[in-house]
Amino acid sequence: MKYTGLHFVSRELEKLKQQGLIRKFKTIAAINGPRVKITDDRSLMTGRRLLPAKDKWYLSFCTNDYLGLAQHPALRRAAIAAIKKFGVGSGASRLMAGTFTPHEELEQSLARFKQTEDALVFTSGYAANLGVITTLVNKNDFIFCDELNHASLVDACRLTGAKLYIYHHRDVTHLEEGLKRFKENKFAVCHRPSKIFIVTDSIFSMDGDPAPLREIVTLAQKYQAITIIDEAHGTGILGNRGLGLAEHLGVEKQIDVITGTFSKALGGIGGFVTGSKKLISYLRSKSRPFIFTTALPPASCAAGLKALEIIQTQPVLRKKLWANTDYIKNKLMESGFDRRGSETPIIPIMIGDEKKTLKIADYLWQKGFFVPAIRPPTVPYGQSRLRISVTAMHQRTHLDALLKCLKQIHLDR
């Protein structure tokens with residue numbers, strides 16, 4: 001028998017199965033607004049006859065396409081026009097032959113939109129966070145990181161080799177305790193770090209709660225720390241102009257580095273960083289995740305450009321999104337659901353047990369609702385939940401139908 005070093009995989013898969021942590025795809029065959037057509041992966045047994053799985057339409061509450069721009073006709077037209085002109089791929093990295101006019105136009109538009117001097121586009125939000133943090137931070141530095149930051153921020157911080165202080169979620173008192181200890185040189189480090197950073201999401205992706213950015217920038221000034229804020233879930237939906245949580249709280253000018261993504265409210269793909277011209281020039285010349293990967297396709301940049309235009313010229317989409325969000329949050333609160341204090345279109349419904357969460361999600365699935373069960377390692381053990389994402393595409397009838405089904409589950413618990 002041929003030896004394989006991967007024999008341990010079977011054991012690990014069995015453990016995941018016992019814990020209810022096996023992941024499977026739900027493949028979307030078609031999409032129409034908030035509805036998605038999915039092939040159920042479970043064939044139906046009737047007597048002795050095995051019936052093939054069938055496509056079925058579900059009402060989706062799991063997309064991050066908050067404004068519906070991924071399906072917007074204007075973005076489709078912009079992408080198609082770019083494909084006709086440039087083709088479907090970039091063919092090279094940005095510093096070789098992979099920079100096209102849509103890349104530069106998008107970066108210029110981003111900088112204007114975010115009211116910064118310059119911007120740089122990456123292939124994804126994950127790559128942006130990895131590229132920014134691993135370039136700016138080295139092993140002689142110190143990072144203060146929120147415990148519930150997105151995996152891309154956590155992974156980037158770890159890869160730097162810097163000393164990490166994980167502060168309690170949104171707990172500025174705990175953050176300042178760490179900053180004070182650092183200032184008094186009470187951490188066991190063999191050298192005095194040259195730079196200190198505070199790294200946080202603006203909106204946390206699983207709880208939907210905002211970071212205390214006003215307090216964070218105040219502490220950053222007090223302790224001379226560099227702030228890196230990921231506006232992935234804030235861009236496009238928060239602030240008078242849709243700049244994000246920093247604009248909403250009036251601190252956008254006090255943050256050193258802002259990252260984000262086109263894959264949420266902007267409806268496309270790709271990540272970005274905005275800041276000073278010197279910062280962007282440095283990242284362009286030093287960031288490995290930027291330098292050593294094929295550039296984002298021009299069509300994606302063209303779609304991103306159109307998304308930025310729509311966000312700035314059609315605020316009605318944000319108004320519809322927040323009207324839907326406020327409506328369902330109030331109804332869930334009236335029904336006694338634990339929604340973790342969410343203040344955004346990301347609304348968790350806390351269940352706790354992993355298997356029970358899966359069972360409830362499956363019940364909703366059978367009723368025609370696509371609501372994901374969020375389990376470890378995405379969230380800590382014992383904190384599994386349903387994650388509802390509200391969009392501007394949902395109608396009041398959609399929200400009422402989901403609420404009715406959730407209320408029935410709640411009464412049966």
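Visitor: What order do the strands take in the open sheet of 4 strands?

Guide: Keep in mind that this is a predicted model. Pairing in the sheet is mixed. At its edges sit β1 (28-32) and β14 (369-370), each pairing on one side only. Reading across, the order is β1-β2-β5-β14.

Visitor: Which residue in β5 stands opposite V36?

Guide: Start with the strands: β2 covers residues 35-39 and β5 covers residues 55-60. They run antiparallel to each other, paired over 5 bridges. Across from V36 you'll find Y58.

Visitor: Is S342 buried or exposed?

Guide: S342 sits in the loop between α12 (316-334) and β13 (346-352). Its contacts, leaving out residues up to four places away in sequence, are D207, G208, K329, I347 and P348. The S342 side chain also reaches the backbone oxygen of I346 at 2.4 Å. Relative accessibility is 3%, and the cut-off is under 20%, so S342 counts as buried.

Visitor: Q115 and Q224 both have positive phi; which one counts as exposed?

Guide: Most residues other than glycine have a negative phi. Q115, with phi near 60 degrees, lies in the loop between α3 (101-114) and β6 (118-122) and is partly exposed at 36%. Phi is near 55 degrees for Q224, which lies in the loop between α7 (213-223) and β10 (226-230). Exposed means over 50%, and at 70% relative accessibility the residue that counts is Q224.

Visitor: Is the peptide bond from P376 to P377 cis or trans?

Guide: P377 lies in the loop between β15 (373-374) and β16 (384-389). Most peptide bonds are trans. From P376 to P377, though, omega is near 10 degrees, and the bond is cis.

Conventions:
Residues are numbered from 1 along each chain as its sequence is written. This is a predicted model: local features need pLDDT of at least 70, side-chain atom pairs count only at pLDDT 80 or more; totals for chains, interfaces and linings use all residues. Side-chain values use heavy atoms; hydrogens and water are left out. Two strands pair if DSSP finds at least two bridges between them. Helices (H or I, at least four residues) and strands (E, at least two) are DSSP runs, numbered from the N terminus. Buried means under 20% relative accessible area, exposed over 50%, partly exposed in between (1.4 Å probe, protein chains only). A polar contact is a pair of N or O atoms within 3.5 Å; within protein, one must be able to donate a hydrogen and the other to accept it, and residues adjacent in sequence count only if both atoms are side-chain atoms. Contact means heavy atoms within 4.5 Å.
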